[in-house]
Amino acid sequence: MAEFDPHPPFQEYAHPERLVSAPWLSARLGTKGLRVIEVDEDSLLYDIGHVPTASRINFQTELLDPLTRDVVNAASFSQLMRDKGIKREDTVIIYGDKANWWAAYALWVFELYGHPDVRLLDGGRDAWVTEERDTSFMVPDFPESDYPEVERDDATFRVFVDQMRETAAKLVDTRTPEEYGGEPSNGESAYGTTMRHGHIPGAANLEWDRSVYPNGCFRTLSELSVNYGNLEPETETILYSHVGAQAAHTWFVLTFLLGFKSTKVYDGSWAEWGNMVRMPIEK
């Protein structure tokens, strides 16, 4: 396990060990036991330059089952880790585009499988490139690992639609106010058509990007405490978005930066709820 990043702004968060800064990572690239993974919405970004030594994971083809749209099962996750040469004891640093939307989702999947040490690069790909740090076109080749097959823990950080029907938890919609209000542009999103528009009854709207600065880095604890001040750290909170990426980003903020005790992602999200027959919606 790599040492934690002592970057002063991180130390005020509930779990500063879950973040690394660009300078910290830059100084440790190539260290044995440290693996860097890029996970983008646009997976082709990796090809035009990435953090040196970084491998790519495509969330659509490698983290989601193509037949069930579920997170990959234990055997598939284990094989993915083996193929990428990731060991169970490795420190995994994940980053990506869109201020770490899908990187946070990937970290959430790693958490479902209980990987001991997985962290997020503050600011993600955009911050790294904006700072004009070194990038590489080389695709690293790691020997296959012996990553064990472990059972996925859905209960701690995840909920399904049947649970959503009867939950007493605080619901948070992390999409834009326009989408929350039922006014998506042309009825389309980047994730496909939704038959109906609006939000799950009772859900509050806290757009995901209230947690980051324009450069994609996380806001200070004091700012986050204000921006999420309507939520209770001791109350179970369920987050949803289009298909789970923005929700996972906010889950990371609430769980590891603000220290909420029970935060879960409904990754079926609006893509599921908005297309189901007889499901109630509000606008």
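In strand E2, the side chains of Leu34, Val36 and Glu38 point one way while those of Arg35 and Ile37 point the other way, and all of these residues are buried. The model described here is a predicted one. Because five of the five residues of E2 are buried, this strand is largely enclosed by the rest of the structure.

The place of strand E2 can be understood from the sheet to which it belongs, an open sheet of five strands that follow the order E1-E5-E4-E2-E3 with parallel pairing. The edges of this sheet are formed by strand E1 (19–20) and strand E3 (55–56), each of which pairs on one side only. Strand E2, which covers residues 34–38, is joined to E3 in the parallel sense over two bridges, and within this pairing Glu38 has Arg56 of E3 as its bridge partner.

Rolling a probe the size of a water molecule over the atoms shows where empty space is left. When the whole structure is searched, one cavity of 30 Å³ or more is found, and the largest cavity holds about 30 Å³ of space. The lining of this cavity consists of Glu38, Gly49, His50, Val51, Tyr95, Arg125, Trp128, Val129 and Thr135. Sorted by class, the lining comprises four nonpolar, three polar and two charged residues. The element that gives the most to the lining is helix H5 (residues 124–130), which supplies three residues.

A second sheet, open and made of four strands, has the order E9-E6-E10-E11 and parallel pairing. Its edge strands are E9 and strand E11 (263–265), and each of them pairs on one side only. Strand E6 is joined to strand E10 (residues 237–240) by four bridges, and the two strands run parallel; in this pairing, Lys170 has Thr237 of E10 as its bridge partner.

Arg175 is placed in the loop between strand E6 (170–173) and helix H8 (177–180). Although its side chain is charged by class, Arg175 has a relative accessible area of 3% and therefore counts as buried, since the cut-off for that term is under 20%. The side chain of Arg175 makes a polar contact with the side chain of Asp173 at 2.7 Å, and it also reaches the backbone oxygen of Gly198 at 2.5 Å. When residues up to four places away in sequence are not counted, Arg175 touches Tyr180, Gly198, His199, Asn205, Glu207, Tyr240, Ser241, His242, Gln246 and Trp270.

The other residue, Ala203, is found in the loop between strand E8 (192–193) and strand E9 (204–205). Ala203 is counted as buried because its relative accessibility is 5%. Once its neighbours within four places in sequence are left aside, Ala203 is in contact with Leu171, Asp173, Tyr180 and Tyr240. Ala203 and Tyr240 are 37 residues apart along the chain, and their C-alpha atoms are separated by 9.4 Å.

Terms used. Residues are numbered from 1 along each chain as its sequence is written. This is a predicted model: local features need pLDDT of at least 70, side-chain atom pairs count only at pLDDT 80 or more; totals for chains, interfaces and linings use all residues. Side-chain values use heavy atoms; hydrogens and water are left out. On a 1 Å grid over the protein atoms alone, a cavity is a set of points where a 1.4 Å probe fits but cannot get out, and a pocket is an open set with protein on both sides within 12 Å along at least five of seven lines; lining residues have an atom within 4 Å of a point. Grid points are joined across faces, edges and corners, and a volume is the space filled by probe spheres set on the points. Buried means under 20% relative accessible area, exposed over 50%, partly exposed in between (1.4 Å probe, protein chains only). A polar contact is a pair of N or O atoms within 3.5 Å; within protein, one must be able to donate a hydrogen and the other to accept it, and residues adjacent in sequence count only if both atoms are side-chain atoms. Contact means heavy atoms within 4.5 Å. Two strands pair if DSSP finds at least two bridges between them.
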